[in-house]
Amino acid sequence: MVSPDTPPPGAAPAGPGAADAATAPITREILLELGRRTISLRENGKVISSWPVAIGDPRTPTPAGRFKVENKVVNPQYQSTKSGKINPVVGANGPLGDRWLGFKSSGVNQYGIHGTPSAWSWTVSSRSAVTNGCVRMLSDHVRKLFDLVEVGTPVVVTR
């Protein structure tokens with residue numbers, strides 16, 4: 001009788017390093033450090049890219065906690081959750097830039113990581129706390145992040 005822990009005859013023993021690294025699953029997560037005002041993409045625990053961000057104003061803070069990317073949108077359209085008014089401008093010059101990664105829903109509101117029109121890029125460069133809770137990135141940076149993550153990717157937001 002062979003126990004479940006015994007490898008079949010001729011099989012290499014399992015142990016640390018026995019698995020082929022090329023077949024090991026890649027785990028990615030987004031880490032947003034509010035205190036540093038940086039967002040990083042980590043792969044298997046190692047930071048592979050990091051970028052500056054603008055975050056929520058103290059009156060409308062970016063929520064801390066563990067979340068997941070809920071949706072990804074190219075050329076998102078901004079709609080005010082207060083007035084319901086839709087901003088007709090979409091794309092790189094729209095209020096949300098040309099990429100959106102939604103990570104937390106709260107009633108009609110959704111918090112997300114999004115691009116920034118060039119007129120507001122100074123808010124990211126200066127790492128300002130000026131948003132309604134969302135996370136602004138420069139357009140080139142959010143496009144790269146968008147392409148490297150999937151719906152379901154963990155988003156960890158720390159103070």
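The legends below describe close-up views of one predicted protein model.

Residues are numbered from 1 along each chain as its sequence is written. In this predicted model, local features need pLDDT of at least 70 and side-chain atom pairs count only at pLDDT 80 or more, while totals for chains, interfaces and linings use all residues; side-chain values use heavy atoms, with hydrogens and water left out.

**Figure 1. The secondary structure of the protein consists of two helices and 11 strands.** Helices (H or I, at least four residues) and strands (E, at least two) are DSSP runs, numbered from the N terminus. In order from the N terminus, the elements are β-β-β-β-β-β-β-β-α-β-β-α-β. Of the 159 residues in the protein, 37% are buried (under 20% relative accessible area, with a 1.4 Å probe and protein chains only).

**Figure 2. Cys-134 lies in the loop between strand 9 (129–131) and strand 10 (135–136).** The relative accessible area of Cys-134 is 13%, and this residue is therefore buried. The C-alpha atoms of Cys-134 and Pro-63 are 8.8 Å apart, although 71 residues separate the two along the chain.

**Figure 3. The largest pocket holds about 700 Å³ of space.** On a 1 Å grid over the protein atoms alone, a pocket is an open set of points where a 1.4 Å probe fits, with protein on both sides within 12 Å along at least five of seven lines; lining residues have an atom within 4 Å of a point. Grid points are joined across faces, edges and corners, and the volume is the space filled by probe spheres set on the points. Among the 23 lining residues, Tyr-78, Gln-79, Thr-81, Gln-110 and Cys-134 are the closest to the centre of the pocket. Strand 8 (109–114) gives the largest share of the lining, four residues.

**Figure 4. The largest nonpolar core has 22 residues.** Such a core is a set of buried Ala, Val, Leu, Ile, Met, Phe, Trp, Tyr and Cys residues joined through side-chain atoms within 4.5 Å. Ile-30, Ile-39, Phe-103, Ile-113, Met-137 and Leu-145 touch the most other members. Helix 2 (139–148) is one of the elements that each supply at least two residues of this core, and the largest share, three residues, comes from helix 2.

Terms used
Buried means under 20% relative accessible area, exposed over 50%, partly exposed in between (1.4 Å probe, protein chains only).
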